[in-house]
Amino acid sequence: MIIAILNWTGTVGKTTLAAHLFAPRMDNAPIFAVESINETAASLGIDVEKMKGNKFRELFKKMMLQENAIIDVGASNIEEFMSNMVKFDDSHEEIDYFIIPVTSGTKEQKETISMVDTLAQIGIPTDKIRVVFNRVSADVTDEFPYVMGFCKKEKNFIANPKCAIWETELFDALSVKGLTINTILNDSNDYKAMLRTNREASEKERNQWADMHGLKALSKSVKRNLDEVYESLFA
């Protein structure tokens, strides 16, 4: 499966989705970051190939050689990416799904609707477009009225409220440490036991173990949320 994660606007969670939602559920598919200035999933210890939006021919070739791939299109390169996708006739047919993350701000919602419109205008079927509601506090319908209203108006466009990633401090904490959820959960250390049996350890070590134990506990619940989102996206 080849997916492209994109939106006209930045800071909606494209790289977070690439690293934490999609890569571990797509057999650790390679990530191609179409980016010039912003952080990529490489900062989380994931192998990422970075390229600019004007290198679409190179990206297109690499796409054709992969069974699974994730294209993380940064806001700094989205216009060039879209322009080049139009120039390469039917190139969008090689991408199975276009994933649009959105947060609840008015600007972000309106940019998301514009993104959906733009994709539809260049011939991408609406059933290949998927919206992921990111940083949801409690209720998608209440927090994303513009997107849900657009969905109600445009009958062929589907925005599934089940595709909701709940607000959590985990992603920021992992970003600081340069770790992914999978890395945390695959860590075999029993930090709780280490705290109990090493009471003479330094304060710095004990704080680190306590922090890692907390991150593991939080990662388990967030992983369940991401599993549900992934399943709902492609149901």
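A contact means that heavy atoms lie within 4.5 Å.

**Figure 1. Overall view of the predicted protein model.** Among contacts between residues at least 6 apart in sequence, 75% join residues at least 24 apart. The protein has ten helices and seven strands; these are DSSP runs, numbered from the N terminus, with helices (H or I) of at least four residues and strands (E) of at least two. The C-alpha atoms fill a box of roughly 65 × 40 × 30 Å along the principal axes. Of the 235 residues, 46% count as buried, where buried means under 20% relative accessible area, exposed means over 50%, and partly exposed lies in between (1.4 Å probe, protein chains only). Residues are numbered from 1 along each chain as its sequence is written. Because the model is predicted, local features need pLDDT of at least 70 and side-chain atom pairs count only at pLDDT 80 or more, whereas totals for chains, interfaces and linings use all residues; side-chain values use heavy atoms, with hydrogens and water left out.

**Figure 2. Close-up of the tilted pair Phe-60 and Phe-88.** A pair of aromatic rings is described by the distance of the centres and the angle of the planes. Rings of Phe, Tyr and Trp (its six-membered ring) pair if their centres lie within 6.5 Å; planes under 30 degrees apart count as stacked, over 60 as edge-to-face and the rest as tilted. The structure holds ten aromatic pairs. In this one, the ring centres are 5.9 Å apart and the planes stand at 40°, so the pair is tilted. Phe-60 belongs to helix α2 (residues 56-64) and Phe-88 to the loop between α3 (78-87) and β5 (97-102), so that the pair links distant parts of the chain, 28 residues apart. Phe-60 is partly exposed at 22% relative accessibility, and Phe-88 is partly exposed at 26%.

**Figure 3. Close-up of the edge-to-face pair Phe-133 and Phe-144.** The centres of these two rings lie 4.9 Å apart with planes at 65°, which makes the pair edge-to-face. Phe-133 is in strand β6 (residues 129-136), while Phe-144 is in the loop between α5 (140-143) and α6 (145-153); the pair therefore ties together parts eleven residues apart in sequence. Phe-133 is buried, with a relative accessible area of 0%, and Phe-144 is buried at 0% relative accessibility.

**Figure 4. Close-up of an aromatic cluster.** Which residues form this cluster? Phe-22, Tyr-97, Tyr-230 and Phe-234 make up one aromatic cluster.
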